[in-house]
Amino acid sequence: RPRSSVGPMDGFFRMWRVVALVQVVLTGALAGATLGLPPLLLALFGLEVDGTGVLLMRAFGASLLFVAAAHWGARDTRSVHLVRTLCVANLLEDGTLAVLATLAVLGGTMKATGWLLAGTFAAEVLLALYVLLRARRR
């Protein structure tokens, strides 16, 4: 369809493109940090800096690369179904991570800097819910 014609879904998909690109930047940056600087991040959050911690941090980084790649690939989609699917996946991933980070801070496993993680994951949950609510009206 030519760019000059505006359909009822154009605003939704413009918004989705911005959300997808934000996800790419956030998850890509965190992936780079967790893959490249695991000892620094472990120490920052007050976690054990050992071989197991480094391996798990890097595994987390690899999973974040997947999230970044999925959002990059779907940034120009015109499929509401695909957008909903990615948002549900984000809710599951980020919701679980927010709960885990919160429990780790409250339980003393992670320093107070862990609230930065919990807050970031919670913000991503809110963003996914917002997009899902917008998609529901479509």
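Trainee: How many helices and how many strands does the protein have?

Mentor: Elements here are DSSP runs numbered from the N terminus, helices being H or I of at least four residues and strands E of at least two. Bear in mind that this is a predicted model, so local features need pLDDT of at least 70 and side-chain atom pairs pLDDT 80 or more, while totals for chains, interfaces and linings use all residues. Residues are numbered from 1 along each chain as its sequence is written, and side-chain values use heavy atoms, with hydrogens and water left out. Along the sequence the pattern reads α-α-α-α-α, and the count is five helices and zero strands.

Trainee: What share of the 138 residues counts as buried?

Mentor: Buried means under 20% relative accessible area, exposed is over 50%, and partly exposed lies in between, with a 1.4 Å probe and protein chains only. For scale, the C-alpha atoms fill a box of roughly 55 × 25 × 20 Å along the principal axes. By that cut-off, the buried share is 38%.

Trainee: How are the rings of phenylalanine 12 and phenylalanine 13 arranged?

Mentor: Rings of Phe, Tyr and Trp (its six-membered ring) pair if their centres lie within 6.5 Å; planes under 30 degrees apart are stacked, over 60 edge-to-face, and the rest tilted. A search of the whole structure finds one aromatic pair. The centres of Phe12 and Phe13 are 5.2 Å apart and the planes sit at 75°, so the pair is edge-to-face.

Trainee: Is phenylalanine 13 buried or exposed?

Mentor: Leaving aside neighbours within four places in sequence, Phe13 is in contact (heavy atoms within 4.5 Å) with Thr77, Arg78, Ser79, Val80 and Val83. Its relative accessible area is 6%, so Phe13 is buried.

Trainee: Where does the charged end of arginine 75 sit?

Mentor: The test asks for NZ of Lys or CZ of Arg within 6 Å of the ring centre and within 35 degrees of the ring normal. Arg75 has its charged end 3.6 Å from a ring centre, over the ring of tryptophan 72.

Trainee: Which helix gives the most to the lining of the largest cavity?

Mentor: On a 1 Å grid over the protein atoms alone, a cavity is a set of points where a 1.4 Å probe fits but cannot get out, and lining residues have an atom within 4 Å of a point. The largest cavity holds about 30 Å³, and its lining includes Val19, Cys87 and Val131. H1, H4 and H5 each supply at least two lining residues, but the most, four residues, come from H5.

Trainee: How far apart in space are valine 88 and proline 39?

Mentor: Val88 is found in helix H4 and, at 40% relative accessible area, is partly exposed. Val88 and Pro39 are 49 residues apart in sequence, and their C-alpha to C-alpha distance is 31 Å.

How values were computed. 1 Å grid on protein atoms, 1.4 Å probe; cavity = no way out; pocket = protein on both sides within 12 Å on 5 of 7 lines; lining within 4 Å. Points joined across faces, edges and corners; volume = space filled by probe spheres on them.
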